[in-house]
Amino acid sequence: MSALSEGESEILFIDLSRGKAVKQPVKPEDTKLYLGGRGFNSKTLFEMLNGPIDPLSVENIIALGNGAFAGTALPMTSRLHISTISPLSGILGDGNAGGEFSAMMRYAGYDGIVILGRAERPSYVWIEDEEVEIRDASELWGMKSGELVDTLRDEHGDDVSVAGIGPAGEHLVRFATTMVDKYHAGARGSGAVWATKNLKAIAIRGTKGVEPADPETFYKLSREDLEYFKKSEFVRRIYSVIGTHYGMMSWYPGWKYFQSHLGPDDLPEGLRPRDFAEFEVGRTQCYSCPLACKDVYYLPKSGEYGTSSEFESIYALGSNNGITDTEAILRMEHLADEYGMDVITLGDTIAMARFLHEKGLISDKELDGVSLEWGDAEGQIELVKMTAYRRGFGNKLAEGYRNFAKLVGKEVLAYSYDVKGLNRGWYEVDFMNGIFTLAHATSTRGADHLRGRSWAYWENDVNMDPEAVKRMLEAGLPDYRKDPVGALIEAERACTLADSLGRCKGSINMWFQAVPLVWKYPVFKGTAMLLKAFTGMEFTEKDVVEATDRIYLTEMAINVRQGIRKKHYDVKFPPELAKTERFRRQVKRHWEMVDEYLERRGCDVETAYPKREALERLGIGKVADAIDGKDFPEWDGPPLWPLESYPGGE
Amino acid sequence: MFVLGVIYENCTGCHLCELACSYKHGGTFNPLLSRITILTKPEVQTSVQVYCLQCNDAACERVCPVDAIKRDKSGAYVIDYSRCIGCRECAYACPFGAISFDFKARPIKCDLCGGEPECVDVCPHDAIIFGPEEKVSRELKRAKATGVAYGIYGGAESPYRRKKAEEAENFLREIWKRNEGLEL
């Protein structure tokens with residue numbers, strides 16, 4: 001049995017250079033301080049790396065963490081958190097993927113897997129409980145995600161779970177993902193790091209199960225949380241029917257490189273939830289989740305089955321490129337899974353290329369005959385393939401978003417709407433009282449929506465259960481209309497917590513999902529009760545909040561070493577607008593908010609370094625030792641290699 | 001007579017039933033110790049459910065050399081471990097593979113939780129049902145008939161899912177309307 005409190009689970013260190021695996025028991029005090037999952041990963045990254053490093057160098061490491069509640073009956077707790085220094089952004093690159101890997105890790109007795117060094121030849125790792133074997137993978141190299149999983153299941157049994165990479169990872173595409181069980185992608189850029197280690201996959205099977213310290217209380221609380229979702233009309237009639245296509249109606253997908261945004265009544269035919277439903281043959285989800293947010297679709301033209309055509313893939317590959325051909329979008333999404341690439345960076349990089357081409361900033365000569373007309377679906381399917389294998393123009397696209405813009409020319413960087421190298425569109429500071437732009441600026445992995453943004457204004461929670469939102473506000477959840485900075489910090493805590501518990505933040509981002517039992521015991525009381533029942537250790541709401549703050553400041557320190565400074569908490573607008581008075585005023589407001597944020601987070605307002613006193617208060621003064629008074633070379637994205645030096649690069 | 005039935009079209013393969021079952025029978029979360037097993041078919045991510053059908057003429061009961069398997073009043077064949085010699089003959093005889101081994105080489109099987117099956121309680125998609133024969137039979141017919149009527153068995157262009165998605169779109173608009181002027 002592997003219960004955290006008994007120190008019976010382990011962290012598995014796999015050193016590929018030496019061909020050795022070493023195990024260390026998880027210390028209960030680490031669970032108390034960092035919870036698990038993202039918390040363990042960030043701690044490991046901070047301790048084992050000395051930054052700044054080239055993410056594609058052998059010094060980089062990959063940490064896989066399954067989260068405190070992995071493998072239990074608490075619903076939606078099967079996220080595998082993957083952390084590394086990202087070849088896309090050059091700072092902390094982490095993310096999580098679903099599937100069954102995280103539960104299998106727990107059943108095999110591991111709460112963390114850390115991969116170091118570089119194998120001499122293509123390898124994969126086979127884990128069955130205590131047995132860990134590094135095996136030859138020359139036959140597997142080159143395989144797409146689906147074939148890889150099928151082959152390893154033929155070899156090791158149909159109940160093994162597989163995390164690995166596809167051809168995009170092998171070709172060091174900077175936004176290649178770790179792929180879990182064929183369809184679940186995590187941590188853009190991590191796929192390329194696997195390849196630099198000559199590691200194709202990890203296949204895992206665990207038989208041990210997991211037993212909470214107080215099974216009765218833990219199960220009772222888990223069932224309560226499950227029943228809440230099962231009874232919800234919103235879940236039964238919307239969430240489990242259209243999944244994240246809900247976002248097409250609610251989240252204003254970008255149109256033609258964010259030149260406009262589509263409201264629910266502007267959606268062209270082909271992009272509505274009902275259009276995607278026509279290709280659906282079933283619904284599925286990750287391990288232990290009652291929501292069935294993922295569609296299983298069949299593509300008649302190519303005869304392929306795919307899974308989880310999420311909102312992000314539809315907007316990035318579809319609407320943002322002016323493409324409305326439903327089947328073509330699904331095909332591209334499926335190809336991105338097969339090659340192992342992140343759909344957001346892929347789609348947005350292509351959209352940026354179209355935009356720059358239209359503006360005359362990319363000449364036809366550079367394109368090698370590739371068409372960059374808006375809405376060219378067939379052409380884009382070709383571009384997706386070229387990018388995965390770094391062929392022709394695809395070699396440049398494979399550098400990913402901001403890096404791609406840099407290659408085109410320095411003046412073009414103004415059109416790269418990124419923060420710290422990650423992109424999530426551009427928004428006005430006045431929109432939603434500044435929380436969108438602030439959230440993108442303060443995210444410890446660069447601009448995105450999953451670090452706190454969507455939780456700061458509980459938009460989707462209101463659609464599911466407004467009464468519960470009221471209770472949360474009454475319990476002290478800061479209201480973004482009065483205190484946007486406080487609302488964002490609390491939202492960042494929720495996301496850090498979910499990532500560390502292994503809990504899904506929701507494919508329709510919600511507090512109810514990210515924070516277990518928040519609808520009943522707001523805000524983090526329910527989590528504290530569950531942690532206490534599971535580990536047998538005392539956990540208060542304050543312990544939970546402090547753990548998330550500890551993790552967040554540790555991540556900030558990782559980024560400080562990679563050269564992140566105050567100036568990188570910026571906000572970007574299209575350059576034509578940025579010059580106007582309206583936008584200059586908004587920039588000023590943004591920096592005021594950043595200052596307030598840094599102050600309240602316990603960071604130095606001038607440098608954005610986490611302050612020693614804040615770190616010491618959280619019991620991690622050693623983090624301050626590593627950064628205090630030190631100057632690191634200023635961040636300007638990851639070091640880019642000459643294009644011809646990448647595998648397959650032309 | 002109460003029976004347990006599975007509407008396989010409704011199952012999405014979340015494995016929550018396995019975790020609930022292993023908890024109920026041993027306080028631990030381990031799919032290998034569950035009495036119901038969900039096999040995921042990787043190509044299309046659909047699932048096959050392996051579970052005890054509590055046959056009227058049960059092979060497990062017949063082959064047991066020590067008469068350790070008896071039917072209780074809930075209709076379940078239950079193993080009497082005070083008699084069981086751990087030969088696992090019952091597992092080999094079961095035509096459905098519904099009897100597993102625990103880690104002590106003993107057979108384990110569904111006992112219908114004494115008449116209140118936990119798997120039925122947790123199933124989020126009403127794929128596992130339990131009740132009087134005629135009710136389960138009726139539910140099954142209804143599920144199959146809905147499928148046939150909407151053409152979810154074969155036929156490329158199924159109006160069924162499109163219609164459900166359209167209803168979801170409309171319901172979302174209803175929620176927006178309901179939330180207009182909401183004071184928070």
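Author: A polar contact is a pair of N or O atoms within 3.5 Å; within protein, one of the two must be able to donate a hydrogen and the other to accept it, and residues adjacent in sequence count only if both atoms are side-chain atoms. This is a predicted model, in which local features need pLDDT of at least 70 and side-chain atom pairs count only at pLDDT 80 or more, while totals for chains, interfaces and linings use all residues. Residues are numbered from 1 along each chain as its sequence is written, chains are lettered from A and ligands numbered from 1 in the order in which they are written, and side-chain values use heavy atoms, with hydrogens and water left out.

Between chain B and chain A, 23 residue pairs are in polar contact, both residues being at pLDDT 80 or more. On the side of chain B that touches chain A, at least two residues each come from α1 (16-24), α4 (118-122) and α6 (159-179) of chain B, where helices are DSSP runs of H or I with at least four residues, strands are runs of E with at least two, and both are numbered from the N terminus. Of the elements on that side, α6(B) gives the most, with 14 residues. The residues of this side of chain B divide into 23 nonpolar, ten polar and 14 charged, where Ala, Val, Leu, Ile, Met, Phe, Trp, Tyr, Cys and Pro count as nonpolar, Asp, Glu, Lys and Arg as charged, and the others, Gly among them, as polar.

Contact (heavy atoms within 4.5 Å) takes in 68 residues from chain A and 47 residues from chain B. The buried area, which is the accessible area (1.4 Å probe) that two parts lose on being put together, summed over both, is about 4900 Å² between chain B and chain A, and carbon and sulfur atoms give 57% of it. The rule finds nine salt bridges across this interface, a salt bridge being a side-chain nitrogen of Lys or Arg within 4 Å of a carboxyl oxygen of Asp or Glu. A:Glu278 and B:Arg162 form a salt bridge, with their closest N and O atoms 2.4 Å apart.

Now for the local details. A:Asp499 lies in helix α20 (residues 484-501) of chain A, and A:Asp499 is buried at a relative accessible area of 3%, where buried means under 20% relative accessible area, exposed over 50%, and partly exposed in between (1.4 Å probe, protein chains only). The side chain of A:Asp499 makes a polar contact of 2.6 Å with the side chain of A:Lys505, and another polar contact, of 3.0 Å, joins the side chains of A:Asp499 and A:Asn96. Leaving aside neighbours within four places in sequence, the residues in contact with A:Asp499 also include A:Gly37, A:Arg38, A:His81 and A:Arg451.

Some backbone angles deserve a look as well. Most residues other than glycine have a negative phi, and most peptide bonds are trans. A:Ser288, in the loop between β15 (280-284) and β16 (294-299) of chain A, has a positive phi of about 65° although it is not a glycine, and A:Ser288 is buried, with a relative accessible area of 1%. B:Arg88, in the loop between β5 (77-79) and α3 (89-93) of chain B, has a positive phi near 65° and counts as partly exposed at 22% relative accessibility. The peptide bond from A:Pro522 to A:Val523 is cis, with omega near -15°.
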